[in-house]
Amino acid sequence: MTEDPRNGLPSASSVYRVVACPGSLNSEIGLPELPPQKVTEEGSDIHEAIETGDTSGLSGDAEQIANKLRAMESQALDAWLGSIPNYDGTVPDRHTEERLWIRDRKTLELVASAQLDVFYVFGEYAIIIDNKTGFIDAPPADKNWQLSTQMVALWHEFPQVQHFRVCIAQSRLSSKLDAAD
């Protein structure tokens, strides 16, 4: 059995389900993990290639998806930086695949986590880019529970951030970038 990086707590990727069915967390306790599926494994490989910049191990289709998602990240980053008042030209550090935690503000106890695909922080501004490689359209960025949870987790780690841009970069059968402030 592999160690649970979520510590058995809710994570951003499943928060939409927890909101719709609060009892779902308790009903999952003790259930075995589902066997990996080809599309899930390919998605993980694409995410790793985006993180490292190395697409050499990907199939042609997967490499194309990774390249499109990286291009959308660049497009989103440029648009975001251009929207920051008095932006000084400094390119902020790129953070990838980092798990951030949401804590109870009184006890500091961990309550949930979010593993962000890509994010950048520039002073009081942040952008989050969530890459989607599956066949199902993601909910829009302005109504996306996963992105909202990621925003809270990022704010807990970087409390100076007051302005967020959240983006869904999606590529499979077609490609689209959806952003919300």
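Is Phe 158 buried or exposed, and what is its relative accessible area? Phe 158 is buried, at 18%; buried means under 20% relative accessible area, exposed over 50% and partly exposed in between, with a 1.4 Å probe and protein chains only. The model is predicted, so local features need pLDDT of at least 70 and side-chain atom pairs count only at pLDDT 80 or more, while totals for chains, interfaces and linings use all residues. Residues are numbered from 1 along each chain as its sequence is written, and side-chain values use heavy atoms, with hydrogens and water left out.

**Aromatic pairs**

- Rings of Phe, Tyr and Trp (its six-membered ring) pair if their centres lie within 6.5 Å; planes under 30 degrees apart are stacked, over 60 edge-to-face and the rest tilted.
- The count by this rule is two aromatic pairs.
- Tyr 87 and Phe 122 are edge-to-face, because their ring centres are 5.4 Å apart and their planes stand at 65 degrees.
- Tyr 87 is in the loop between α4 (60-83) and β1 (94-103) and Phe 122 is in strand β2 (residues 110-122), so this pair ties together parts 35 residues apart in sequence; strands (E, at least two residues) and helices (H or I, at least four) are DSSP runs numbered from the N terminus.
- Tyr 87 is partly exposed at 25% relative accessibility, whereas Phe 122 is buried at 18%.
- Phe 119 and Phe 158 are also edge-to-face, with 5.9 Å between centres and 65 degrees between planes.
- Phe 119 belongs to strand β2 and Phe 158 to the loop between α5 (145-157) and β4 (163-171), so the pair links parts 39 residues apart in sequence.
- Phe 119 is buried, at 0% relative accessibility.

**Charge over a ring**

- The charged end of Arg 172 sits over the ring of Phe 135, 4.8 Å from its centre; this requires NZ of Lys or CZ of Arg within 6 Å of the ring centre and within 35 degrees of the ring normal.
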